[in-house]
Amino acid sequence: MIRWGIVCLVMVGYAWGQEEIPSSAEVASYQQKIQEDYRVLEETLLRMAEILSVTDPQRSTVLTRVMAQSREKMVASRMETAGELLREEAWGKALEVQREVVAELKKLLTLLESENRSSKVRQEKERLRAYLREIHQRILEQQSLYGRTEEGQPMESLGKEQAEIARKTGELARKMTEESDAEKGSQAETSSEESSAKNAEEGKEEESQDGDSSQHLRQAQRRMEDAKKRLQEARRAESAQEQQKALRELEQAKANLEEVLRQLREEEAKRYLALLETRLRKMQQMQRTVYDETLRLDKIEEEKRTYEHTVEATRLSRRELDIAAEGEKALLLLREEGTARMFPEVVEQMTQDMRRVSGMLAKGSVGKNVQVIEEDILATLEEMLAAVEKSQKEIQEQSKNPPSGSSMGEMDPALIDRLSEIKMIRSSQLRVNRRTEMLEKWIQEKNVADEETEAALRDLSRQQERIRQITRELGLQRNP
């Protein structure tokens, strides 16, 4: 919506700046309309930034930066100046100001597009993985060729094979260079001062490592071509030496790309963890308020409870549904990220508990049976936040001391480490146990299982089965 608004302003401003309009009054009037629309857009951006400051701080930051840049460049004021110049029929000056405004609007649009960083990171990771697979294949081919060269196999056939490996290595180097140049060109066309600064800060090392990899590949190609010549000249020992040097260049290219991939994974994990932490803290605050209000209502003796008591319980029911909605958003976030196993299940179970609490509160129930579930929800949120904070600290430590060694990196490491996931399994199992005992006592007291109790038992059964399945899956996974 916001991007489309700026796009329209850019297109309209450009069109009116280019066309000759016979009536200066009409042009000035339309310029004023654009200015008024832009003022409304600015107000909308400010409101959205404020609303999203808690639920989506990343997007809120982008909108705040857009507003800061808009005011710094005085976009609205320049629109007003253009209108005054049009009324004075100063066409040349008005056209110049309009072009400046269009340029600034394009920069603002680019800055708004920067919130798509998550999608760009995923695309870049896939690109790097494809490069790594190809480099890995070249390493295997070159290792095999080196071994057969040392064994004394016929040099003529070895030379032809070496030439083919050199050709494929050169093609990969050219492909990497072309894609890197195209990406830089695209960024240069649409970069603003802020996005350029951000790219310089976040992507400087990434671009350097990527470029170094293509240089190492080109160097490997040259070594391979030298090895081929030595084979043609029947100089086997010298050819083997060149093949070893080519292997070292390939390994270095692979190591550089793996470092870039590690940095991208780290950036993505930081973003997901920050969003998840914000969401969970908001849910914790909301749930604590509902819990405190539930305790307050429960302290009122039943014979003294009035219609107002029911109204307040209903209000709490609606609040609990709001918390469940936040839980659904957290669940979507975890499913989008895709590496956590137990966390999404715990959030889903917690969201079901929230809906159950909402239904019980809607019926005016504020007793121990409701409070126990609310306490479980709060305990779950606290445990999840602890796991998120632990993951954030681990990422921070890894940033200072990157792990040694390398891997193909086909799979992203889990957002939440395995130990925290196992702890979540244990806590979930304990909650199921407690809830089972509570329901057993409830049935014994009533001497019958009502519809609500039976529904709770069915949910517990499903939760128990999911815990079993996830435990088995984690047990079958190889330890990273």
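Q: What makes the contact between Arg 223 and Glu 242 a salt bridge?
A: In this predicted model, the closest N and O atoms of Arg 223 and Glu 242 are 3.4 Å apart, and a salt bridge calls for a side-chain nitrogen of Lys or Arg within 4 Å of a carboxyl oxygen of Asp or Glu, so the pair qualifies.

Q: Why is Glu 242 called buried, and why is Arg 223 called partly exposed?
A: Buried means under 20% relative accessible area, and partly exposed lies between that and 50%. Glu 242, at 9%, therefore counts as buried, whereas Arg 223, at 23%, counts as partly exposed.

Q: Why are helices H9 and H10 called roughly antiparallel?
A: Helix H9 (residues 236-298) and helix H10 (residues 307-337) pack at an angle of about 165°, with their axes 10 Å apart. Angles over 145 degrees count as roughly antiparallel, and H9 and H10 are therefore described in that way. The contact of H9 with H10 has 13 nonpolar, five polar and 13 charged residues.

Q: What makes Glu 348 and Arg 335 a salt bridge, and which helices hold them?
A: Their side chains meet at 3.2 Å, N to O, and the cut-off is within 4 Å, so the pair of Glu 348 and Arg 335 counts as a salt bridge. Glu 348 lies in helix H11 (residues 342-362) and Arg 335 in helix H10.

Definitions and conventions: Residues numbered from 1 in each chain as written. Predicted model: local features only at pLDDT ≥ 70, side-chain atom pairs only at ≥ 80, totals over all residues. Heavy atoms only, no water. Axes fitted to C-alpha atoms, helices over the stretch in contact; angles between N-to-C directions. Helix = DSSP H or I, 4+ residues; strand = E, 2+ residues; numbered from the N terminus. Parallel < 35°, antiparallel > 145°, perpendicular 65-115°, else oblique. Nonpolar A, V, L, I, M, F, W, Y, C, P; charged D, E, K, R; others polar. Buried < 20%, exposed > 50% of the residue type's maximum accessible area, 1.4 Å probe, protein only.
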